[in-house]
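This briefing sets out selected features of the protein shown below. Please read it alongside the sequence and the model.

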Amino acid sequence: MINKSNEFIRRILDFPAIRPSETVSFSSLVASLIQLGQTICGYKSRTFFTNKKNARNSIRLIEDILIVLREIPIGVSRCANSSILSLSELHFIFQKFQFLLEDCSREDARIWILANSEGVSCQFQMLARATAVALDVLPLEDMDVSVEVKEVVEFVRNQAVKLKFEVEIDDGKMQLNVLKILDQFEAGIIPESSDLKRVLDYLGIKRWGACSREVKFLDNEIFLEGNTGEKRDLGLLSSLMGFMIYCRGTLFEVLDNAATRQINGGSTNADQVIRFLNLDDFRCPITLEIMSDPVTVASGHTYDRSSILKWFRAGNSSCPKTGERLTSIDLVPNLALKLLIKQHCSANGIPFVETGRRNHDTVKSVGTSSVANEQAMKLLASFLVGRLVAGTMEQQNKAAFEIRLLTKTSIFNRSCLVEAGAIPPLLNLVTSRDSSCQENAMATLLNLSKNSKSKSIIVGNGGLFLILDVLKEGLKMEARAHAAGTLFYLTSVEEYRKMIGENPQFIPSLLELLRNGTDRGKKNALVTIFGLLMRPENHWRAIAAGLVPLVVNMLNSFEREDLITDSLAVLSTLSERLDGAMAVLYAGALPIIVNVLSSCNSRAAKEHCVSLLLALCINGGADAVPVLVKNSSLMGPLYSLLAEGNSKASKKASTLIRMLHEYNEKTSSGLITPVFIEDQFINVW
């Protein structure tokens, strides 16, 4: 049988069938064939929107073969070897039939199957011919079957030869309609809504969610195609995605429940898998960090590409996890695991940093987009901005929602919508007293603020004050989190960093979100504060607002590693100046920082800990060094970083170790008098 987990690995219209083992028994092979055939016959209950006749003929062919299989005696055949050879070939063909029928009945790949009608019909034809050959060499004389069964086999073999699997007339006509619409997009012509609806009705796509599933499928195929280096289908995939996105944005007035799932990262089969996976499987066994580019070595174990390459460059030729000597140091990308990691990070608001040759934005923006896709996006951008300006409240909300989706990952889409003038009407929409409208508008502005031209447009249209209002009094916590995220991108501009810092309401409002927001809100507040601290004049404002004790106290309660890492980055930046270092020390941060260094799995968090401890020793040595010297658990993590960290972290760990040793030697020789802070603080150790 075909393992369902293959759905996460197998590309559509790819048929990785596996031949049965040479040691399989005759009876087991026949039983497995019958079971596989019954599964294929179960596809009769599925809906095929294209290739209906081809699918029906294939299933009927398998049903006829099942009649024969059920009549084969399961005892020992007099010619077991040749029988097993023929039946093994039939088993191999059955698997491919199941893959093909599975693809043709998928609910999210209807337009792709339609576009590949010629290739699909050829696959059906090839499998039917292969079935005829397998039946032709089946040694019926030695299998103790009746004359009637032999006649059925001959009939089925003849049918398999005579059956013609061709592109069905209606499929061909609709395929031409799609190509005509793509040509219109390329020419910048708005297609007739009736033509678009005719295609969607033919494919049974009647709701927003069904259309969106098609978009997600095409998007994932583009990503996989780009990452595997295959480019033969990129142009068509991109054009079809532009087609479906345009339909989704212009034809559907009503959103269904799939809309919410789409914004939250989708609800796919991968989500179900994540729930049953140990999240440690997402970590590299070498660094213990979540992998961004997982690759599998010859031993079958998976590592992050950068980590295992570093291991090999050090002269090692064994598997780090098992010690097994590797016959090859070739690395195989584990795309299935990478997609699951991306899904997990998206669902939990964890940044996923793409490494290597391509990231998702680049894959979809550079060398993969088609003219039809780009022109469709420009036409759709104009349509959606028109809805934002002159539509009803429901239409404005729908338009903001569509733009939110379009700008979530695509650089090109952001550029199109900024050029189309989406920002001013979105700023007007954030004042809405409808919580959904406000959230969609604010989330969209967050996405658009990543565009280089958008920042000046936002600020030039009074956006800072509107964003502040949402940050302080947004109708939903999600809207407040989006407001903080938008500020983060604005702080990348020195002028706006100064304007935000000098306004007495921004930093306190960010601290309030840090206290009471969702995890995503806390994340956005922390990174925005970090951005503001890039301007030294904002340090004292953050300290005066009470940032330090708040962050120090929250370090103990954070469970997400990215929040711990961001908190440490903020404290480390503040501690580079004397006033910040003293504030961190007086907040009782030392024991907490050392505990994080000893217990946290995150390499980035450990490196921030070392930077922070070093800054505290330099700027507040009398209060920091004596306490750290007394802690025996500190040296282990420091020496570990010294050996395994990057060059910057290693240097800081080395400097800190040297400072502590020098202080310890001077104290032991009586050259200085130890200085200790309050006994209550020391007792923590």
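The expected span of a helix is 1.5 Å times one less than its number of residues. Helices (H or I, at least four residues) and strands (E, at least two) are DSSP runs, numbered from the N terminus. The model is predicted: local features need pLDDT of at least 70, side-chain atom pairs count only at pLDDT 80 or more, and totals for chains, interfaces and linings use all residues. Residues are numbered from 1 along each chain as its sequence is written, and side-chain values use heavy atoms, with hydrogens and water left out.

**Overall composition**

- The protein chain contains 36 helices and three strands.
- Of the 685 residues in the protein chain, 53% are buried; buried means under 20% relative accessible area, exposed over 50%, and partly exposed in between (1.4 Å probe, protein chains only).
- Contact means heavy atoms within 4.5 Å. Of the contacts in the protein chain between residues at least 6 apart in sequence, 75% join residues at least 24 apart.

- The buried residues in α1 include Phe26, Leu29, Val30, Leu33, Leu36, Gly37, Ile40 and Cys41.
- Helix α5 (residues 117-136) has 20 residues; from its first C-alpha to its last it reaches 29 Å, close to the 28 Å expected at 1.5 Å a residue.
- Among the buried residues of α5 are Val120, Phe124, Leu127, Ala128, Thr131 and Leu135.
- An α-helix has 3.6 residues a turn, so residues three or four places apart point the same way.
- Helix α10 (residues 234-251) has 18 residues that should span 26 Å at 1.5 Å a residue, and the 25 Å between its end C-alpha atoms agrees.
- Because 16 of its 18 residues are buried, α10 is largely enclosed by the rest of the structure.

- An open sheet is formed by three strands in the order β2-β1-β3, with antiparallel pairing; two strands pair if DSSP finds at least two bridges between them.
- The edges are held by β2 (302-304) and β3 (332-333), each of which has a single partner strand, so one side of each is left without a neighbour in the sheet.
- Strands of a sheet pair through backbone hydrogen bonds, either parallel or antiparallel.
- Two bridges join strand β1 (residues 294-296) to β3 in the antiparallel sense, and Thr296 stands opposite Val332 in β3.
- Helix α13 (residues 305-313) lies across β1, β2 and β3 and runs at about 95° to β2. For this angle, axes are lines fitted to C-alpha atoms, for helices over the stretch in contact, and angles run from 0 to 180 degrees between N-to-C directions.

**Asparagine residues and positive phi values**

- Asn57 belongs to helix α2 (residues 52-71) and counts as buried, at 9% relative accessibility.
- A polar contact of 3.0 Å links the side chains of Asn57 and Arg60. A polar contact is a pair of N or O atoms within 3.5 Å; within protein, one must be able to donate a hydrogen and the other to accept it, and residues adjacent in sequence count only if both atoms are side-chain atoms.
- Beyond its neighbours within four places in sequence, Asn57 is in contact with Leu163 and Phe165.
- Asn51 lies in the loop between α1 and α2 and is buried, at 1% relative accessibility. Its phi is near 55°, a positive value in a residue other than glycine.
- Leu13 is partly exposed, at 26% relative accessibility.
- Asn220 is placed in helix α9 (residues 208-227) and is partly exposed, with a relative accessible area of 33%.
- Asn220 and Leu237 lie 17 residues apart in sequence, and their C-alpha atoms are 10.0 Å apart in space.

**Cysteines**

- The structure holds zero disulfides, a disulfide being a pair of cysteine sulfur atoms within 2.5 Å.
- For Cys247, the closest cysteine sulfur is that of Cys211, at 5.7 Å, too far for a bond. Cys247 is buried, with a relative accessible area of 0%.
- For Cys609, the closest cysteine sulfur is in Cys600, at 7.1 Å, which is too far for a bond. Cys609 is buried, with a relative accessible area of 0%.
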